[in-house]
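This report is for a reader who has not seen the structure before. Please look through the sequence and the model first.

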Amino acid sequence: HWATAAAVLGNDLLLSAQGALVHRENRWASLSIAACKTSLGERCNSPSSHGPRAAPYLEEAAPAELRAAMEAPQRVYDALDARNYKAALKLCDKNAKKNPVLAALRCLTLQRMRRLSEAAEACNELVTKGYTDENVLAPLTMCLNALNRDGEATTLWAHAYQQKPADASLGRRVCAAHARQQDWPHVRSVAAALYKSTKDVSYLRRFAAAALVEATATPAPPTKLLTLKLGDKMLERCIDESGGYGRCSAEDVELLASLREARGDYPGAAHCIRQARDGLASQTEGDFIRRPTERNLMRDEAAYLLRGRAVDEARQLYEALLDDQDDWASYEGYVKCSKTLEKEDDALRKLDALATQRPKHRGPRLASLLLVDGDALQDRILRYIETHASSPSLFDDLETSLRRVQSLPLTVEGPPRKQASLLCMRRFLSDDVPVEQCLSIIKGDDTSASSDAACVLACTLQDAGNKVDACRVLYSAHARDEGNARVTLAFVDALQSIGAGEAA
């Protein structure tokens, strides 16, 4: 047909088909070939089965009747996108009996119009016909899913893929349908078949991800360990065929580590991250979803080493991460390792030295609070308040440590921001709250401090039984600072406490 078309019609259509194939637009390519056949006097068996969005290739070459058959579904999609359902239904009703794409779009249109019984009846007629064309199945299964008939949608895609096992697009649809039903074994089997037919390593990632989700479900399947090992093996092959750890993405490394973590193999998880760190040494260019970074890999490796009881190695990695970045996860990990090894004094000296070197960093001082108790804890909390008095997160930083002290001598003085944080702490420690100072801060120019003071005053009023006054205070604060989540949530709780559920 291609040779005859070239001889009779010239090369224009042939070039359209070839260009479409190069760009992997298989349906457009098949439409070009169908137009060749039609122009040669051969009627295409099913013009509608080639897809609605190929008209630009055939504006001049395709007969008017064929172009109309292709353009009609496109007009229906445009009407659906514009929510003009009456126009979409009118377009479908014209040729629904002749064109299965329009028949499937009619089902979807009826569902969008909430005419569910008619949509269900129309779906029933199409489901039994065994269509394998993706352009028919896509709108039909969208309608079936909306009608909570996911099983039938999955069966349709599976039947189509069984008839056309070389069609990777259908295979991906089957994967998505099985995943929608959380049928992970079938997702894995289809992903393996797709890899076997296409040698595309992305299907190995899909296999590994499905294995992880399946094995970590509750309750755990009896084949949990075997499933995780299979996922591990497939992902290792994916990384190898992608160019090794020097070219892998952060997602590949994280997924492989998660598979090993799920089966309790923490040394194995740390080992794969170490391999990725070694791979970073090679300056490789390529397309990455997210290129792994040395810092993230070191932190992850240290975490897995700690969980695998290789505490000394983990502590060394965490200590190396205590550089010029104020990285709380690294400080916290360093403290955990130091406590496990009973090296609290050594860690405290290290953290104090870092706090002196980096006065603006919060991490060293907050981490040192985890290593002390009693009077030493109170003294360090007071020093932290003086050092970071201007920080809006001062109270949030100290909340965990405040739970470990019985009382704290706090005098509400200084700039409005510091006063607001101190008021939050007094309220948290069940100390008396000076109402006049709250009102003074609320009327001030510092919006952040005003919002915190309003929350403290509202809680104090609620404790005294003045719930309506608390709502008034929070109403004003919310109007002034609508983006403040603390004020908004406090306002919602206050409204609910007075029975204003709808307003909340």
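## Basis

This is a predicted model, in which local features need pLDDT of at least 70 and side-chain atom pairs count only at pLDDT 80 or more, while totals for chains, interfaces and linings use all residues. Residues are numbered from 1 along each chain as its sequence is written, and side-chain values use heavy atoms, with hydrogens and water left out.

## The chain as a whole

The chain has 27 helices and zero strands; helices (H or I, at least four residues) and strands (E, at least two) are DSSP runs, numbered from the N terminus. Of its 504 residues, 44% count as buried. Buried means under 20% relative accessible area, exposed over 50%, and partly exposed in between (1.4 Å probe, protein chains only).

Among contacts (heavy atoms within 4.5 Å) with a separation of 6 or more, 53% are between residues 24 or more positions apart.

## Helix α12

Helix α12 has 14 residues, 202–215. The expected span of a helix is 1.5 Å times one less than its number of residues. For α12 this gives 20 Å, and the end C-alpha atoms are 20 Å apart, which agrees.

Which residues of α12 are buried? They are Tyr203, Leu204, Phe207, Ala208, Ala210, Ala211, Leu212, Glu214 and Ala215. Their cover includes α10 (168–180), α11 (184–198), α13 (224–241) and α14 (250–262).

## Aromatic rings

Rings of Phe, Tyr and Trp (its six-membered ring) pair if their centres lie within 6.5 Å; planes under 30 degrees apart count as stacked, over 60 as edge-to-face and the rest as tilted. By this rule there are two aromatic pairs. The ring centres of Phe395 and Phe428 are 5.7 Å apart with planes at 70 degrees, so this pair is edge-to-face. The pair links distant parts of the chain, with Phe395 in helix α22 (residues 394–402) and Phe428 in helix α23 (residues 416–428), 33 residues apart. Phe395 is buried at 11% relative accessibility, whereas Phe428 is partly exposed at 27%.

Tyr475 and Phe491 also form an edge-to-face pair, 6.3 Å centre to centre with 65 degrees between the planes. Tyr475 lies in helix α26 (residues 467–480) and Phe491 in helix α27 (residues 485–497), 16 residues apart. Tyr475 is exposed at 54% relative accessibility, while Phe491 is buried at 13%.

## Salt bridges

A salt bridge is a side-chain nitrogen of Lys or Arg within 4 Å of a carboxyl oxygen of Asp or Glu. The count by this rule is 32. In one of them, the closest N and O atoms of Arg299 and Asp327 are 2.9 Å apart. Arg299 is in helix α16 (residues 294–307), and Asp327 is in the loop between α17 (311–320) and α18 (328–340), 28 residues apart. Asp327 is buried, at 10% relative accessibility.

Asp346 and Arg315 meet in another salt bridge, at 3.1 Å from N to O. Asp346 belongs to helix α19 (residues 344–357) and Arg315 to helix α17, 31 residues apart. Arg315 is buried at 8% relative accessibility; Asp346 is partly exposed at 36%. A network of salt bridges links Asp232, Glu236, Arg260, Arg263 and Asp265.
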